[in-house]
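Hi there,

Here is the structure I promised to pass on. Please have a look at it first, and then read my notes below.

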Amino acid sequence: MSLRRRAAWAAAVSAAATLAAAAPPALAQDSSAHAVAAHFTPEQAAAFSKQMERDLAAKGARVAMVFRAGRGRDQLPEGISYTHGAFWVYRTIKTADGQSLSGYAVYNLYAGDGKAWPTIQSRLVQDFPLDFTRGSTVNDMAVIIPSPEMQRRIIAVIDSPAYQKVHNPAYSLVANPWSRKYQNCNNFMLDVMAVAIWDTDDPERITADLKAHYKPTIVKANALLRFFGPIADKRLRTDDQSGPIRTATYESLAAFMKDNGLLQESYIFNYQP
Amino acid sequence: MRTLSLLALALPLVAGPALAQDSAANASAAGGASSEVASHLAASGVQTALAVSVVPASVAGTVSMVGGVSAAGAGVEVSRAAGNSAAAASGPLKVDDRVVVAPDPAPHVPYATPAPGPR
């Protein structure tokens with residue numbers, strides 16, 4: 001990068017940081033809207049988001065599934081390393097001053113923060129990478145880059161009415177992907193993938209196909225209550241579970257895609273100070 | 001420095017709640033404020049997004065989901081979606097150095113807020 005471009009980048013990051021600092025803080029333990037964690041300074045969060053974008057772009061990823069940890073690792077149940085995931089889609093972004101920029105837009109399922117909307121309901125919100133990294137409490141994010149064929153299919157689904165159709169606004173932190181009762185951010189991404197894989201937006205068919213092919217992460221109930229119970233309030237709903245508590249995570253999503261030849265690569269991306 | 005000062009003054013307009021969703025008159029005023037903020041941000045190198053383009057048709061691929069129900073059912077093989085990855089791979093993509101922000105990334109209208117009464 002030239003000195004001039006470095007200076008421009010530094011100015012942009014500084015201004016973005018000021019903007020980020022002005023936004024209201026919120027808890028960042030899950031998929032809550034407006035999540036802002038104290039782990040990164042706003043400048044670091046802006047740099048981290050751009051590092052992630054550049055890495056995805058270098059790999060030719062037009063869509064990726066990116067995961068952040070909104071709680072410290074010592075506060076997460078065994079087998080769960082990340083608490084929020086979303087699609088990062090390569091787009092042309094029109095700016096307020098009429099420019100067209102190339103970069104990633106982020107497609108999230110956010111639970112309410114209890115202010116903008118109830119905590120047990122979710123909405124689909126498109127924002128940008130800086131919004132994503134601001135909610136991270138650790139120096140890494142996880143990435144799943146689908147195979148090019150799956151990338152094309154997923155983007156087609158995101159740009160179709162099926163994207164809204166498979167959204168279930170009833171939110172649970174540990175929604176069961178084998179049930180239709182509740183949904184969280186990872187289950188939503190799994191459902192979007194299912195539409196792309198099986199060419200159907202029928203929820204019943206999707207659930208049947210996932211039961212046949214997708215193996216969810218099993219969360220130990222003791223760990224669940226110990227880690228999530230104190231902060232989870234109404235969002236810890238488990239009446240969609242029968243037997244062990246099943247939910248979708250980065251780990252089980254990556255395994256499903258690898259096992260079925262749907263994966264280009266999955267990896268952990270570290271912040272570079 | 002002057003630009004950053006202006007930016008700091010304008011930031012509360014970005015961070016604060018957008019309460020003008022149900023009133024045409026107020027919505028117009030809010031739009032003006034957003035434009036002002038956007039211009040300050042742009043002057044500082046941060047780009048405020050207005051819109052995100054849909055993907056070009058050549059990238060979107062061949063799946064058509066709109067209202068469709070396929071003949072596929074439970075147990076159908078997943079391999080069809082795996083495709084020919086090598087043939088479909090694209091090269092590196094370009095990412096702009098500038099940081100993009102959304103002036104209102106999520107709705108800020110409290111869900112319990114009653115609709116304004118008739119004037």
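A definition to start with: a polar contact is a pair of N or O atoms within 3.5 Å, where within protein one atom must be able to donate a hydrogen and the other to accept it, and residues adjacent in sequence count only if both atoms are side-chain atoms. One such polar contact, of 3.0 Å, links the side chains of A:Thr217 and A:Ser252.

Some bookkeeping: this is a predicted model, in which local features need pLDDT of at least 70 and side-chain atom pairs count only at pLDDT 80 or more, while totals for chains, interfaces and linings use all residues. Residues are numbered from 1 along each chain as its sequence is written, chains are lettered from A and ligands numbered from 1 in the order in which they are written, and side-chain values use heavy atoms, with hydrogens and water left out.

Back to A:Ser252, which sits in helix α9 (residues 250-259) of chain A; helices are DSSP runs of H or I with at least four residues, strands are runs of E with at least two, and both are numbered from the N terminus. A:Ser252 counts as buried because its relative accessibility is 7% (buried is under 20% relative accessible area, exposed over 50%, partly exposed in between, with a 1.4 Å probe and protein chains only). Leaving aside residues up to four places away in sequence, A:Ser252 touches A:Tyr214, A:Lys215, A:Pro216, A:Thr217 and A:Thr247, a contact being heavy atoms within 4.5 Å.

Next, strand β2 (residues 84-95) of chain A. Because 10 of its 12 residues are buried, this strand is largely enclosed by the rest of the structure. Strands count as paired if DSSP finds at least two bridges between them. What does β2(A) pair with?

- Strand β1 (residues 63-68) of chain A pairs with β2(A) in the antiparallel sense over six bridges, and A:Val66 stands opposite A:Ala86.
- Strand β3 (residues 100-111) of chain A is an antiparallel partner of β2(A) over eight bridges, with A:Trp88 bridged to A:Val106. β2(A) and β3(A) form a hairpin with four residues between them, and A:Gly98 in the turn has a positive phi of about 90°.
- Strand β1 (residues 47-52) of chain B pairs with β2(A) in the antiparallel sense over three bridges; here A:Thr95 has B:Ala49 as its bridge partner.

Chain B itself has five helices and two strands, in the order α-α-β-α-α-α-β. Of its 119 residues, 34% are buried.

Best wishes
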